[in-house]
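Subject: Structure for your review

Dear colleague,

Please find the structure below, followed by an account of what was found in it. I would be grateful if you would read the two side by side.

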Amino acid sequence: MSPTARLHIKGVGSDNTTFVVKVQNLAGLLSLQINNAGSVYNLGAGSVGFNNAFGNGALISNTTGDQNSGFGYFGLNANTTGDANSGFGYRSLASNTIGARNTSIGARALQGNVDGNDNTAIGSLSLQANSAGGSNGGFGYQALQGNTVGSNNNGFGKQSLYSNSAGNNNTAI
């Protein structure tokens with residue numbers, strides 16, 4: 001008798017009927033979402049093959065974005081075409097759609113970023129409201145939390161530059 005291989009996949013979501021399956025083939029990584037009705041959604045169209053996702057809703061909207069890593073509930077959830085982003089933590093970079101080269105570590109870090117580029121947020125709620133600001137660095141709990149469109153700012157420490165929303169070229173320690 002031949003050995004039988006089995007794969008068990010547990011559903012996610014409130015009804016346990018949505019599954020996220022990752023299949024490695026010679027052309028690259030193909031990610032699929034399969035629901036109980038048998039519908040299949042491609043999470044990475046075309047030649048996209050260098051994305052990593054782990055967590056409910058992570059990178060679920062990705063179409064052509066490449067070299068992204070979304071780890072945690074809704075990490076990089078809205079990303080469609082943004083490249084080279086890394087979101088680690090609950091809702092980290094969740095609103096990012098086209099922003100590129102952003103790094104966030106912590107719950108809700110860079111959560112509101114839509115099209116800002118080259119931002120780094122380390123700490124829960126750091127750069128949370130940032131939507132279009134670029135080249136910012138928030139390091140610590142709530143660092144630059146209120147920043148929306150300000151660019152070239154760096155906040156080091158708890159709540160540094162907390163209320164800055166549109167100011168540019170600021171540093172606080």
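A residue is called buried when its relative accessible area is under 20%, exposed when that area is over 50%, and partly exposed in between (1.4 Å probe, protein chains only). The model is predicted, with local features requiring pLDDT of at least 70 and side-chain atom pairs counting only at pLDDT 80 or more, while totals for chains, interfaces and linings use all residues. Residues are numbered from 1 along each chain as its sequence is written, and side-chain values use heavy atoms, with hydrogens and water left out.

Overall architecture

The protein has 11 strands and zero helices; these elements are DSSP runs numbered from the N terminus, with helices (H or I) of at least four residues and strands (E) of at least two. Read from the N terminus, the order is β-β-β-β-β-β-β-β-β-β-β. Of the 173 residues in the protein, 41% are buried.

Ser126 is placed in the loop between strand 8 and strand 9. Ser126 counts as buried because its relative accessible area is 0%. Its side chain makes polar contacts, meaning pairs of N or O atoms within 3.5 Å in which, within protein, one atom must be able to donate a hydrogen and the other to accept it, and residues adjacent in sequence count only if both atoms are side-chain atoms. The side chain of Ser126 reaches the backbone oxygen of Gly123 at 2.7 Å, and a polar atom of that side chain lies 3.4 Å from the backbone nitrogen of Ile122.

Asn147 is found in the loop between strand 9 and strand 10 and is likewise buried, at 0% relative accessibility. The C-alpha atoms of Asn147 and Asn130 are separated by 5.1 Å, although these residues are 17 residues apart along the chain.

Aromatic pairs

How many aromatic pairs does a search of the whole structure find? The search finds four, where rings of Phe, Tyr and Trp (its six-membered ring) pair if their centres lie within 6.5 Å, and planes under 30 degrees apart count as stacked, over 60 as edge-to-face and the rest as tilted. One of them joins Tyr73 and Tyr90, and it is stacked because the ring centres are 5.4 Å apart and the planes lie at 10°. This pair links distant parts of the chain, with Tyr73 in the loop between strand 5 (69-71) and strand 6 (86-88) and Tyr90, 17 residues away, in the loop between strand 6 and strand 7 (103-105). Tyr73 is partly exposed at 32% relative accessibility, and Tyr90 is partly exposed at 35%.

Phe139 and Phe156 also form a stacked pair, at 5.1 Å centre to centre and with 10° between the planes. Phe139 belongs to strand 9 (residues 137-139) and Phe156 to strand 10 (residues 154-156), so the pair ties together parts 17 residues apart in sequence. Both are partly exposed: Phe139 at 27% and Phe156 at 38%.

Ring pairs also link Tyr73, Phe74 and Tyr90 into a cluster. The charged end of Arg91 sits over the ring of Phe74, 4.9 Å from its centre; for this, NZ of Lys or CZ of Arg must be within 6 Å of the ring centre and within 35 degrees of the ring normal.

Backbone angles

Most residues other than glycine have a negative phi. Arg91, in the loop between strand 6 and strand 7, has a positive phi of about 55° although it is not a glycine. Ser135, in the loop between strand 8 and strand 9, has a positive phi of about 60° and is not a glycine either.

Salt bridge

There is one salt bridge, defined as a side-chain nitrogen of Lys or Arg within 4 Å of a carboxyl oxygen of Asp or Glu. Asp118 forms it with Arg101, and the closest N and O atoms are 2.7 Å apart. Asp118 lies in the loop between strand 7 and strand 8 and Arg101 in the loop between strand 6 and strand 7, so the pair ties together parts that are 17 residues apart in sequence. Asp118 is partly exposed at 33% relative accessibility, as is Arg101 at 46%.

With kind regards
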